[in-house]
Amino acid sequence: MTNELKGKIAIVTGASRGIGRGIAIELAKKGATIIGIFTQNTDMAEKTRAEIEALGAKVKFYQCDVSSQADVEKTSNLILNEFETVDILVNNAGVHQHLRSWELGIEDWQKVIDINLTGTFMVAKAFIPHMRSKKMGKIINISSCVAYTGTDHEVHYAASKAGVIGLTKSLALELAGDGINVNAIAPGYIETDMVVFDSEEDRGRTIETIPKLRLGQPSDIGKAVVFLATSDSDYITGEILHVNGGLLMA
Ligand code: NAP
């Protein structure tokens with residue numbers, strides 16, 4: 001554990017598993033206190049909480065559906081009452097759904113947009129007044145490389161992630177003068193529950209398309225988040241950092 005983020009309070013949404021877990025662990029290794037958000041997987045949240053605690057970091061998890069305005073308002077108030085300050089916000093919670101445009105209903109579209117895009121906005125909005133009053137803050141949103149490439153099996157997901165990029169750049173413009181940096185990360189294929197292959201052959205074929213010849217790991221995204229969360233990136237805002245093993249050079 002090193003100390004670049006000692007004394008910093010970091011919120012990570014979707015921290016129970018996958019990329020969010022990797023982000024929370026990398027931030028904790030740099031000394032940050034972790035506030036994790038999850039929505040339903042209590043067992044995984046508790047497992048990740050215990051792992052972070054074992055690293056010597058302070059950590060607390062809250063159950064909150066980021067697509068529910070009532071949940072976000074309640075949880076952000078609880079967090080600000082208990083921790084009094086928030087320095088880093090990572091909007092990572094997200095869902096996807098493998099459906100073609102002609103198969104998905106408007107309720108499928110709405111659910112993915114509500115969680116991935118509106119949820120990102122609502123959680124950011126909940127902490128922006130506090131960050132503005134303190135004239136500091138790092139907001140890091142998790143987009144996806146499909147925001148750039150499109151995808152032939154989940155238009156709602158790609159649209160939500162492209163929306164996250166517009167949101168990131170616009171918040172960066174609004175908040176730069178308040179000392180708040182807003183950036184996004186666009187991951188490629190990262191090995192989590194979200195990335196499922198039909199067969200080992202399918203997995204192998206995918207890996208062959210990646211110049212670095214491996215799938216990304218949650219820690220790869222976590223390390224990029226650490227960079228965007230520390231003072232090393234103070235002059236970077238409104239930027240999209242591509243972490244994809246060379247899969248897409250946007
Ligand atoms: P994952 O393994 O499925 O984990 C999703 C996380 O989001 C879980 O912690 C889940 O909580 C949480 N979550 C889902 N819906 C939520 C809601 N309504 N409110 C609060 N939390 C919610 O996914 P992942 O692969 O780690 O993906 C994390 C982020 O990276 C997503 O935004 C995803 O779009 C993006 N991304 C992933 C990849 C990839 O290759 N994996 C590539 C590009 C972008 P529970 O455990 O409680 O369900």
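**Close-up 1. Glu 4, in the segment before β1.** In this predicted model, Glu 4 sits ahead of strand β1, which covers residues 9–13. With a relative accessible area of 48%, Glu 4 is partly exposed. Leaving out residues up to four places away in sequence, Glu 4 touches Lys 30 and Thr 230.

**Close-up 2. Helices α1 and α2, packed at an angle of about 15°.** Here α1 is residues 18–29 and α2 is residues 42–54, and their axes are 10 Å apart. An angle under 35 degrees counts as roughly parallel, so that is the label for α1 and α2. Their crossing is right-handed. On the α1 side, Arg 21, Ala 24, Ile 25 and Ala 28 make the contact, and they meet Thr 48, Glu 51 and Ile 52 of α2. Sorted by class, that comes to 4 nonpolar, 1 polar and 2 charged residues.

**Close-up 3. Helices α4 and α6, with axes that come within 8 Å.** This pair brings together residues 106–134 (α4) and 155–175 (α6), crossing at roughly 15°. The two helices are therefore roughly parallel to each other, and the crossing is right-handed. From α4, the contact residues include Trp 109, Val 112, Ile 113, Leu 117, Phe 121 and Ile 128, along with Asp 108 and Arg 132. From α6, look for Val 155, His 156, Tyr 157, Lys 161, Val 164, Leu 167, Leu 171 and Leu 175, among others. The class count for this contact is 14 nonpolar, 5 polar and 3 charged residues.

**Close-up 4. Helix α6 and its buried residues.** From first C-alpha to last, the 21 residues of α6 reach 30 Å, close to the 30 Å expected at 1.5 Å a residue. What do the buried residues of α6 pack against? The partners are α4, β5 (137–142), α5 (146–149), β6 (180–187) and β7 (240–243).

**Close-up 5. His 156 of helix α6.** Is His 156 buried or exposed? Its relative accessibility is 0%, so His 156 counts as buried. Setting aside neighbours within four places in sequence, His 156 is in contact with Gln 97, Leu 104, Asp 108, Trp 109, Val 112 and Ile 113.

**Close-up 6. Glu 84, with a positive phi.** Glu 84 lies in the loop between α3 (69–83) and β4 (88–91). Its phi is near 65°, a positive value in a residue other than glycine. At 62% relative accessibility, Glu 84 counts as exposed.

**Close-up 7. Lys 135, in the loop between α4 and β5.** Lys 135 has a phi near 55°, which is positive in a residue other than glycine. Lys 135 is exposed, with a relative accessible area of 52%.

Definitions and conventions. Residues numbered from 1 in each chain as written. Predicted model: local features only at pLDDT ≥ 70, side-chain atom pairs only at ≥ 80, totals over all residues. Heavy atoms only, no water. Axes fitted to C-alpha atoms, helices over the stretch in contact; angles between N-to-C directions. Helix = DSSP H or I, 4+ residues; strand = E, 2+ residues; numbered from the N terminus. Parallel < 35°, antiparallel > 145°, perpendicular 65-115°, else oblique. Left-handed = near helix turned anticlockwise from the far one by under 90°. Contact = heavy atoms within 4.5 Å. Nonpolar A, V, L, I, M, F, W, Y, C, P; charged D, E, K, R; others polar. Expected span 1.5 Å × (residues − 1). Buried < 20%, exposed > 50% of the residue type's maximum accessible area, 1.4 Å probe, protein only.
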